[in-house]
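Me: I'm new to reading protein models. Could you help me look at the aromatic rings in this one?

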Amino acid sequence: MAVTPPDEAGMQTLDSNSRIAVLGAGRMGCGIAQIFCAAGHQVTLHDRQQAALERAPHTIGEMFELLQQPARLGGLRCVDELAAAVGQADLVIEAVIENVELKRSIFAQLESFAPAHCIFATNTSAIPIAAIARDLKAPERALGTHFWNPPHLVPLVEVVQGEKTDPENIRQVIALLEMVGMSPVHVRRDIPGFIGNRLQHAFKREAIALVADGVCDAETLDRVVKEGFGARLAVLGPLEQSDLVGLDLTLAIHEVLIADLDRHAGPHPYLVDKVRKGETGMKTGQGFRKWTEQEAAQVKERLDEYLAVNARARLARRDKPA
């Protein structure tokens with residue numbers, strides 16, 4: 001496969017021929033790999049666990065099947081050595097567990113193993129890019145690409161610009177993500193949680209407080225969201241909705257409501273207590289609600305099918321002849 005020559009400034013340009021390395025063969029890493037495989041890229045998937053690498057082609061194949069796409073796995077290579085994974089990469093996307101020390105260690109090694117033009121991206125959900133790129137000699141190469149779970153079904157990617165990130169790298173990564181059918185947005189400041197998770201967890205904070213204060217039970221709260229304002233969120237964002245109803249009405253509601261919202265400085269004690277007791281959710285059968293294995297499986301299946309239907313429709317619109 002041809003490689004695009006460096007531009008006049010000596011920088012490699014990301015394009016349809018770019019080689020992608022994905023670090024971490026879990027659900028997120030496999031989903032990211034699927035996106036680039038589907039677009040015809042040469043993709044190297046790395047994991048230290050041989051068992052994860054052996055499962056990966058089957059997992060990615062199932063993702064193609066769910067999307068009703070022909071499996072394009074010819075460009076996929078699975079390797080357990082980091083140097084071999086990134087040695088020819090134009091873009092590295094790290095998708096290991098959410099541990100800043102591990103991510104920082106991997107990034108430090110990338111400077112030794114990857115080509116000088118290679119861009120380093122992290123799929124962190126909340127950790128500031130500066131914390132991960134702290135030990136790099138060339139921190140301008142580092143940025144965030146926060147894919148949402150599961151990435152092969154959810155189109156958004158938050159492309160996060162660190163304080164020292166080269167803006168040209170941001171531009172190139174956004175262009176590449178658009179090229180492979182994703183919906184990238186530019187996060188201009190490197191803050192914890194970026195945009196999406198700050199919104200999501202501010203919402204969760206108030207949801208937990210309502211249940212903890214006895215206003216409703218968890219099942220009622222989830223129903224209010226799904227059958228109320230949640231039903232319109234996919235087509236009407238919160239600021240669009242504010243403009244729709246009028247900022248004067250939004251202000252009037254805030255004058256009554258804002259002072260009464262939860263203001264705990266840290267995690268709500270109700271959440272801390274549940275984790276301390278081992279009530280961590282579906283995996284233990286008890287979280288905010290009780291769960292049988294069958295109920296948990298039904299929720300996961302319902303979510304995947306809902307997202308898959310929307311993803312298939314999006315792909316069909318994209319591929320429809322003009």
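Reply: Happy to! Rings of Phe, Tyr and Trp (its six-membered ring) pair if their centres lie within 6.5 Å; planes under 30 degrees apart count as stacked, over 60 as edge-to-face and the rest as tilted. This is a predicted model, where local features need pLDDT of at least 70, side-chain atom pairs count only at pLDDT 80 or more, and totals for chains, interfaces and linings use all residues. Residues are numbered from 1 along each chain as its sequence is written, and side-chain values use heavy atoms, with hydrogens and water left out.

Me: How many aromatic pairs does a search of the whole structure find?

Reply: A pair of aromatic rings is described by the distance of the centres and the angle of the planes. Searching the whole structure gives a count of three.

Me: What kind of aromatic pair do F107 and F120 form?

Reply: Their centres are 6.1 Å apart, with 75° between the planes. That angle makes the pair edge-to-face.

Me: Is F107 buried or exposed?

Reply: Buried means under 20% relative accessible area, exposed over 50%, partly exposed in between (1.4 Å probe, protein chains only). F107 has 0% relative accessibility, so F107 counts as buried.

Me: What kind of aromatic pair do Y270 and F288 form?

Reply: The ring centres of Y270 and F288 lie 6.1 Å apart. The angle between their planes is 20°, and the pair is stacked.

Me: What is the relative accessible area of F288?

Reply: F288 counts as partly exposed. Its relative accessible area is 39%.
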